[in-house]
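Subject: Structure for you to look through, with notes on its side chains

Dear colleague,

Here is the structure I promised to hand over, and my notes follow below it. Please read them with the structure open beside you.

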Amino acid sequence: MDNNTNTYYSVGFKGHRRDLFVNLHDFQVNKNDKVIVELETGMDIGCIMHVKNCAVHRENINSIVRIATEQDLDKDFLNRYDEEDVVFKAANLVSNLCLDMKIVDAEWQFDRQKLTIFFTSPTRVDFRELIKELARQFRTRIELRQINSREETKRLGCGIGCCGQTICCTSFLFDFNQVTIDHAKVQQLSNNVTKLSGNCGRLKCCLLFEYEHYSEELEKYPPLNSIIAMEGDNAVINKIDIFKAEVTVFNLKQKKNVVLSFKDLTGYIKAGKITPPELSIDESLKKIVAEENIVIDEF
């Protein structure tokens, strides 16, 4: 297939998986229709999520075979029903073989030519014996796939986040990027990991959503804990509000917070009256803090 603009169909599968397909047979396909699709490993069933007119730079894109019939839907229901039994039997085998792994989910391909079993484990696992036993019991091609806690939540989760919306990984987020505590620091969020963790127990994916905006805006401001030489007093920047375009500084002599507008702050910058810290709190600030017996929180 060439890379010209064509119509592609985003098809969703169990576990919030999605992939693009083409409609080579040109039959009528609408959003939310259940369809049978062709894969390298056989036939599977999914639901039309979106219809896209775009250029896709992929050599091989699989095709939609047909609209799912009532018989297809019945077969899919039985497959989903049997998956609970697969999880139960696989978990028993794991226990008998004393393997350090947790069976999370199972997924039959529509034509039952492949059975994928998902598991989590803190280490790499030698599951060759497990695959042999599973293949003997279910008499099909077995794929064991290790996933992390984010992927586990995506497969099994349909919960609500602290924002009141459906958790991102089950609604629109399909790729996971690394999230670190530094992303929270830049946005001046609490360093309480518990508050920053999502349903999966890891740092929330949404910490990345506004990170670039914060990074760009904060380049206009001096770093936190910078010292401002104000009229007769020294002050320390302890909060930056990029939305109100203002900073909160702690006046070391008066021992109180003062709010400065970005315009006033720019005046101090142009006058060369702001000394940025080296790492977190520089030596001059440490000296002032020690003399004034003031506690400055480091993030």
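In what follows, buried means under 20% relative accessible area, exposed means over 50%, and partly exposed is anything in between, with a 1.4 Å probe and protein chains only. Please bear in mind that this is a predicted model, in which local features need pLDDT of at least 70 and side-chain atom pairs count only at pLDDT 80 or more, while totals for chains, interfaces and linings use all residues. Residues are numbered from 1 along each chain as its sequence is written, and side-chain values use heavy atoms, with hydrogens and water left out.

I begin with the charged side chains. A search of the whole structure gives 18 salt bridges, a salt bridge being a side-chain nitrogen of Lys or Arg within 4 Å of a carboxyl oxygen of Asp or Glu. One of them joins Glu152 to Lys102, at 3.0 Å from N to O; because Glu152 belongs to helix α3 (residues 149-156) and Lys102 to strand β6, this pair ties together parts that are 50 residues apart in sequence. Helices (H or I, at least four residues) and strands (E, at least two) are DSSP runs, numbered from the N terminus. Glu152 counts as buried at 17% relative accessibility, whereas Lys102, at 46%, counts as partly exposed.

Asp105 and Arg155 also meet in a salt bridge, at 3.1 Å from N to O, and since Asp105 lies in strand β6 and Arg155 in helix α3, this pair too ties together parts that are 50 residues apart in sequence. Asp105 is buried, with a relative accessible area of 7%, and Arg155 is buried as well, at 11%. Both residues belong to a network of salt bridges that links Lys14, Arg17, Asp44, Asp76, Arg80, Glu83, Asp105, Glu107 and Arg155.

Between two strands, Glu143 forms a salt bridge with Lys114, the closest N and O atoms being 3.2 Å apart; Glu143 lies in strand β8 and Lys114 in strand β7, so the pair ties together parts that are 29 residues apart in sequence. Lys114 is itself buried, with a relative accessible area of 13%.

Finally, the aromatic rings. The structure holds 5 aromatic pairs, where rings of Phe, Tyr and Trp (its six-membered ring) pair if their centres lie within 6.5 Å, and planes under 30 degrees apart count as stacked, over 60 as edge-to-face and the rest as tilted. Phe119 and Phe127 have ring centres 5.8 Å apart and planes at 75°, so this pair is edge-to-face. Phe119 is buried, with a relative accessible area of 0%, whereas Phe127 is partly exposed, at 21%.
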